[in-house]
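Have the model open as you read.

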Amino acid sequence: MTETMAPATPGGRDQDFLAPAARLRGAGIGGLEELTDIQRSERLARMREGTLGSIHSWELVTAVDGPGTRMTIFLNGCPLRCLYCHNPDTFLMKDGEPVEADELLRRMKRYRNVFRASGGGITLSGGEVLMQPAFAARLLAGAKAMGIHTCIDTSGYLGRNATDEMLDNVDLVLLDVKSGDEETYKRVTGRELAPTIDFGDRLAAKGIEIWARFVLVPGLTDDPGNVENVARIIERWGSVVSRVEVLPFHQMGTDKWDALRLEYKLRDTRPPEPELVESTRAIFRSHGFTVH
Ligand code: SF4
């Protein structure tokens, strides 16, 4: 992955959609030569059809990103600019590594027995998975065809990019509700809240399981009124919400912001005290949710 990037702004969508600049893995001296215009346009065409994606990394994890042991794949590109993002190196699609969908599907196949034994599967995360909908759809369809449990981890902001056909291949959605009111949502992410609510409504109508997630940041998202509004939004999705996760803010992404020379505004923010985490979880519990 390249470490160079332009300062990210919420309006930087043109940058977001550029294809990765590095060479294909195994195709020679990675990243050292400029791609020709023809190579660039071929690459974009393949990304559009979903046979090629831009990814940051993948890893095998247990007890995070969904049930059981999971292969979590981090896709590059995100339309949001969350102040607390711990993966700012996934902001831009062009900073990812170009990887064939078939290569990832072959890896998934190798882990099929691990997934089956642990009740796990694959999780497409990011960045924002729905920035590369054709690639994601291909991975999800391929995983499903192998009988593998599938999950996407998303803010829902680009929910309109998910076709019904794609969602038919999704077993679980980790849906981030980053704030319960417009103003805070905008302050946290630089974008609007409504698309997330719309996407959750759509998942609920389709009966797709949701784990709702909320990042608790002292002084930013912790106002009880804001938390109450998050709980109300999640409540409208009814029984498809099988758990709510309150994720305490941490400083683990600081080095990445610095390395990318981006302004990190939460440098002086402390992780929430255990009492605040507990009182926030209690608000969700009072709405009848199973809270983690
Ligand atoms: S949605 Fe996720 S990847 Fe995108 S900026 Fe927010 S925390 Fe980072």
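Helix α3 (residues 101-110) packs with helix α5 (residues 133-145) at an angle of about 30 degrees, and their axes sit 10 Å apart. Axes here are lines fitted to C-alpha atoms, for helices over the stretch in contact, with angles from 0 to 180 degrees between N-to-C directions. That makes α3 and α5 roughly parallel to each other (angles under 35 degrees count as such). Their crossing is right-handed, meaning the near helix is turned clockwise from the far one by less than a right angle. On the α3 side, Ala-101, Leu-104, Leu-105 and Met-108 do the meeting; in α5 their partners are Phe-135, Arg-138, Leu-139, Gly-142 and Ala-143. A contact calls for C-beta atoms, placed from the backbone, within 7 Å.

Keep in mind that this is a predicted model: local features need pLDDT of at least 70 and side-chain atom pairs count only at pLDDT 80 or more, while totals for chains, interfaces and linings use all residues. Residues are numbered from 1 along each chain as its sequence is written.

Zooming out, the chain has eleven helices and eight strands, taken as DSSP runs (H or I, at least four residues, for helices; E, at least two, for strands) and numbered from the N terminus. Of its 292 residues, 40% are buried. Buried takes 20 or more other C-beta atoms within 10 Å of a residue's own, exposed 12 or fewer, and partly exposed is in between, with C-beta atoms placed from the backbone. Among contacts between residues at least 6 apart in sequence, 76% join residues at least 24 apart.

Now for helix α11. Which of its residues are buried, and which exposed ones sit on the face turned away?

| Side of α11 | Residues |
|---|---|
| Buried | Thr-280, Ile-283, Phe-284 |
| Exposed, on the face turned away from the buried side | Pro-274, Glu-275, Glu-278 |

Seen down the axis of α11, the buried residues fall within an arc of 100 degrees, so they line one face of the helix; the arc is that of the directions from the helix axis to the C-beta atoms. They pack against β7 (209-216), α9 (224-235) and β8 (241-248).

Strand β8 also holds Leu-247. With 14 C-beta neighbours inside 10 Å, Leu-247 counts as partly exposed. Leaving aside residues up to four places away in sequence, Leu-247 touches Arg-213, Phe-214, Val-215 and Leu-216. Leu-247 and Arg-213 are 34 residues apart in sequence, yet 7.1 Å apart in space, C-alpha to C-alpha.

Definitions and conventions: Two residues are in contact if their C-beta atoms, placed from the backbone, lie within 7 Å. Angles under 35 degrees count as roughly parallel, over 145 as roughly antiparallel, 65 to 115 as roughly perpendicular and the rest as oblique.
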